Structure formats: structure tokens, C-alpha cells
Amino acid sequence: MANPLKGEVIRLYKNLLYLGREYPKGSVYFRERLKSAFMKNKDVTDPEQIKKLVARGEFVIKELEALYFLRKYRAIKKRYYEPEE
Amino acid sequence: MHSNRYCNRIIVLPFSVLLEIRVKPDNSGVVTDGVKHSMNPFCEIAVEEAVKLKEKKLIKEVVAVSCGPQQSQETIRTALAMGADRGIHVEVAGKDYETLGPLQVSKIMAALAKKEDAQLIILGKQAIDDDCNQTGQMTAALLDWPQGTFASEVSLDGDKVKVVREIDGGLETIKISTPAVLTADLRLNTPRYATLPNIMKAKKKKIANVKPADLGVDLTSRLEVLKVEEPPQRQAGVKVETVEDLVGKLKETGRI
């Protein structure tokens, strides 16, 4: 793995792992899938390829943040607000 | 010439709420030992609004305050990770924590607001564990400050605050002067997630420790909890084949 990008990849993994604690299907489920997804690409050496994969990982981070926000928003809305006619 | 940085300090008050509710065996309350806390959703929105105002350079400093046991520090850390500058943890534990309600919290907030010379206090409209919806209003009353509650839109205009409030039947726009108390409603904004890098950065920010006695606040409660019980279990439904069966069943259970 190219050296300067190694730090980025590890940081991405840690961030995703942190986000996965609240995953609806359970943090264990998330961690297993996360690990196998990263392991599948462990032999990639082309820096361009690695950058693309890291970008995809950041995209997943944004998706998770949106998922958590929507879940909370919908729960609170359902609990506290009248259903719209 | 008026400086547009008139507003110096905002205090946000994120409550922590229990993630899991179990009634104690003796029906005297809810189990709090060892239960994970998390920031009240409405308070996340309040913190977000304060941080947004700072990012727009309309205010200089955001202070996050939380009252409670050690676990409240987690909530303050989350607020710091979202962008607050420093935190104040008002230590309330044990018996005092069990009886800590909106009246006590607002007394603490009033004392802190004077001590810290704050221009705005922002909090969530209500905590989802006790659903009181009182702390903001009581704090404003104790300080004799105007209040903009159920805010779904906040804008600063000179030394006044324009607040669009969610009320029954629609929206109400008011203009209040600072210093003021605002409470955040669901549609005020979309709170950012406290990601790991932000949490790491926030570790450098300071959290001061304060005791209610230092602020001269008396925590005795005027309320006494008589009993806490779970709602009745939902009875399983019964399926019927025909309308006659339905009528029969309704007559059986004395409904008609």
C-alpha cells in the first residue's frame, strides 16, 4: 500500500467504525461488513485507485450521517407532531 | 457605528437523556445507574444553531453547559465536537440528580448567564425523557429576559432577534431584544454529526467544573414523585371471520 495514503485509509476505517456503532442492524454486523470490504481491496497499489476507493468510503460516511439524521428526525416527528392532513 | 459583533456569548444547554427506559422494581422511578446517556435531539438542534451563528461571525463564543452526574460530560464533549468553544459541567449527582427538574436547572442557568455575561441562551424545547417543556420559559422568567420558544427560524438583526415560532395552526414571527432565551424546535436546522476527527479535536477544549452551591443555587425540589409505572401492556388483538362474529365479540366484552 502506498505510504502517504496508508494514513488516509486507516483514518477512513476508524471514522467508519466509529459511525457504525449506531448502525440499525447492529455494530457487529457493520464491523464485519466493513472489515471484509476493506480486506477485499488490500492488494490495491495504484494511488489513483486508492484515492477513488477512499472517496467512495467518504461517500458512505455521508450516507450514514444522513441515515442517522433521518431516522432521528422521523422518530421525533412521529412522536411529537400531528400527522399532516 | 454599530459593530455587527454585538453578540458576544451564547450559552447552549444540551440535556442528556437516557437511551433505555426501565422502571425501577419499587416503582419509585426509572433506572439511571449505568444506563447510556445521549444528547437530547432538540438540544442537538440548539447546539447546531449556536454553532451556525458563530460560523456566520454573528457571535464570538459558544459555551455548552450541562447539569448532571459524570455522564453529562459526554454530552458536553459532543457539543464541543459540534463546534462549541468551551464547556461547563454543573455537577449534580445522587439524590439531587433524581429530583433535578426544570426549576432547578433554570435557577442554575440564570446564575450562570449572569456570571458568564451571556447574550443568548439556546436550548431544546423539551427533553424527550421528561417532556416538561419548561426550562427555557422558567429561565427567561428568572432572568426577566424575553423568550423565543419553539423556534423554527432564528435571525439576528442589530441588537434584536427575529424568531419564527411554530405554534398551533401555523407560524408566528416575533422580534425580541437581547439578551434573550430561545428554545429550538424540530425544523430549526439539521444538526451535524459529531464525527471522530471532530471529537478528537474537541478533547483540547476545556470543560470547567462547577457545583450548584458555588452558584448559590438551592436544589430542593418542590415536587414529590409518588409512583412511576409502565404503561399497560398492549393486549393481543383477536381476528374474526364475519361481521356477525365481530358484533358477537363486541357484545361479549360489553362494548355494545
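**Note on helix α3 of chain A and the contact with chain B**

1. The buried residues of α3(A) pack against α1 (3-19) and α2 (27-40) of chain A and also against α1 (41-55) of chain B; contact means heavy atoms within 4.5 Å. Helices are DSSP runs (H or I, at least four residues), numbered from the N terminus. This is a predicted model: local features need pLDDT of at least 70, side-chain atom pairs count only at pLDDT 80 or more, and totals for chains, interfaces and linings use all residues. Residues are numbered from 1 along each chain as its sequence is written, and side-chain values use heavy atoms, with hydrogens and water left out.

2. A:I50, A:V54, A:G57, A:I61, A:L64, A:Y68 and A:I76 are the buried residues of α3(A), where buried means under 20% relative accessible area (1.4 Å probe, protein chains only).

3. The contact takes 15 residues from chain A and 20 residues from chain B. Chain A and chain B bury about 1,500 Å² between them, 63% of it on carbon and sulfur atoms; this is the accessible area (1.4 Å probe) that two parts lose on being put together, summed over both. In chain A, the residues losing the most area to chain B are A:Y18, A:Y80 and A:Y81, together 38% of what that side buries.

4. There is 1 salt bridge between chain A and chain B (a side-chain nitrogen of Lys or Arg within 4 Å of a carboxyl oxygen of Asp or Glu). A:K72 forms a salt bridge with B:E44, their closest N and O atoms being 2.9 Å apart.

Methods. Chains are lettered from A and ligands numbered from 1 in the order in which they are written. Buried means under 20% relative accessible area, exposed over 50%, partly exposed in between (1.4 Å probe, protein chains only). Helices (H or I, at least four residues) and strands (E, at least two) are DSSP runs, numbered from the N terminus.
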